[in-house]
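The structure goes in first, then my notes.

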Amino acid sequence: MDLESNYEIAPTAEFIQSNKFTRVALQFPDELLKDAVRVVSALRAKLRTLRESNAEQNDDAPEVGLFVMADTAYGSCCVDEVGASHVDADAVVHYGHTCLSPTSTLPAFFVFGKTPISVPDCVKNLSHYAFPNGRRVLVLFGLDYAHSIQNIREKFAEVCGAESKPEVQYANVICSVMNPSKGRKVSNKVQGTSGSLTDNNSFGTVSANTYSIGGLVWKLPEGHKMDDYLLFWIGSNNSAFANIVLTYNGCEIVRYDASECSMVTDLSQQRKILKRRYYLMEKAKDANIVGILVGTLGVAGYLNMIHQMKVLITGAGKKVYTLVMGRPNPAKLANFPECDIFIYVSCAQTALLDSKEYLAPVITPFEAMLAFNRGCQWTGEYVMEFRDLINSSPVESRNFSEEARFSFLQGGYVEDFDPQGNGTEEDKEGALALANATEKVLQLRDNPNSIVKGTAKSGAEFLATRSYQGLDIHYDGSLPEPYFIGRSGRAAGYEDEKNGHEKS
């Protein structure tokens, strides 16, 4: 596929020209960076052509400045608004795989790419699952296959004919133009786009029958549920597909691998992730010090989510620290050994970190809400998008510190730390004292020696217990030691060594 078509040079130039942007950042992932120079050259040539054709209407139109962005601070699937702000960009053109998370300040144009696919072979495999027993099928896909979905629909309709009409639903792309600003109108009248998205649009379950995930949106007929459908995924085994498997874990799911022209039905490895996530939730309940990892500075609503996590953690009687470090890795997080658990606030497609190599587990905001809220029980439902959790009830106001909690990992009851202290004397001597004591005795009746004292610590307390606390600084008022001149020269031969060789 040629460069002009795959990178949508003409639609991109029309988007820039119609909105009169003068400084545009072009964001490339690592795997597409090799094409950046050719894309910029083609885009400049197309913009020059458009400017010359509109010269009579706008003689003083300035030349558009194009800036290539690479090596983003966070996930490459999100729009890097921080990097774009360094060049004072008016808009961002995002290339390659994307999560389509809403931006906070800058308009964005998305070029998904056009990965090749064998439409006849895909339709053949889709027919295999759609025809038997009139099965309901929902077709989902990676955004890089959005260009072929219309052809697949038409080919499948030809195969079905007029008599047999299996119930097959197709998802649609939410948008290819994003505008977070309410005060600025961004034109999306560009050939090949799928509409625009503002910060008023919802994610997750928009309504009772409308669903959205990973940049896709679809509507089911009245009375139908997601569990009634077989999910037919077209694309690779990437983070977008992992989100589908976790979010709709009650559905039967198959995957068509377009690169290999084959079907993948064994999803046991993906489903094992749920068991791993449940274990991490149980481990988070025993944590005393929690670190919030900021995994994005551009996705709309991330500050609200961080604040909500702080309220949740503090209400659960745990110490919380907020850490901003770009893309997390085991070496970075090893600098914070005092943290028993980390909460990663990021877009849905980068939220799941394989924390087996980390000293402490890394969980998602949804898992944190289940772990730190005793009123919550996991029903199997899994939420990846943190924006769907904003304004959810963080934690009940009732004080749980007097209730011993059973820890499955420690094999006993745990008394959580009380963030408000041990209570007032009125509470201790009042009418509630007998009820609280009775409840506690009933919990420990079978095994009175099984309770574990859960002492919450701060970073300073953790440092005080370490054997090594850094370089020692003596403040005894003694005079500093006299300095002396060290060696000079190179390691291959210092000057004093040279003199010694000469004498010998």
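**Helices α7 and α8**

I looked up helix α7 (residues 239-247) against helix α8 (residues 268-285): their axes come within 10 Å and cross at roughly 65 degrees. I noted that the crossing of α7 and α8 is right-handed. On the α7 side I listed F241, V245 and L246 as making the contact, and on the α8 side Q270, R271, I273 and L274. By class, I have five nonpolar, one polar and one charged residues in the contact of α7 with α8. I keep in mind that this is a predicted model.

**Helices α5 and α6**

Next I took helix α5 (residues 119-130) and helix α6 (residues 149-160), which pack at an angle of about 55 degrees with their axes 9 Å apart. The crossing of α5 and α6 is right-handed. From α5 I wrote down V119, C122, V123, L126, S127 and A130 as contact residues; from α6, N151, I152, K155, F156 and V159. I sorted the contact of α5 with α6 by class and have eight nonpolar, two polar and one charged residues.

**The sheet**

In which order do the strands of the four-stranded open sheet lie? I read the order as β17-β16-β18-β19, with parallel pairing. The edge strands are β17 (319-323) and β19 (362-363), and each pairs on one side only. I recalled that strands of a sheet pair through backbone hydrogen bonds, either parallel or antiparallel.

I then followed strand β16 (residues 289-294), which is joined to β17 by five bridges, the two running parallel. For L293, I found the bridge partner in β17 to be L323.

Helix α9 (residues 302-315) lies across β16, β17 and β18 (341-345). I noted its direction as about 175 degrees to β16.

**Confidence**

I checked pLDDT last. The protein chain has a mean pLDDT of 79, and 76% of its residues reach 70 or more. I marked residues 198-204, where pLDDT stays under 50; the model has 17 contacts beyond four places in sequence for this stretch. I marked residues 448-454 as well, with pLDDT below 50 and 15 contacts in the model beyond near neighbours in sequence. Where pLDDT is low, the predicted coordinates should not be read in detail.

How values were computed. Residues numbered from 1 in each chain as written. Predicted model: local features only at pLDDT ≥ 70, side-chain atom pairs only at ≥ 80, totals over all residues. Heavy atoms only, no water. Pairing = 2+ DSSP bridges. Contact = heavy atoms within 4.5 Å. Axes fitted to C-alpha atoms, helices over the stretch in contact; angles between N-to-C directions. Left-handed = near helix turned anticlockwise from the far one by under 90°. Nonpolar A, V, L, I, M, F, W, Y, C, P; charged D, E, K, R; others polar. pLDDT = per-residue confidence, 0-100.
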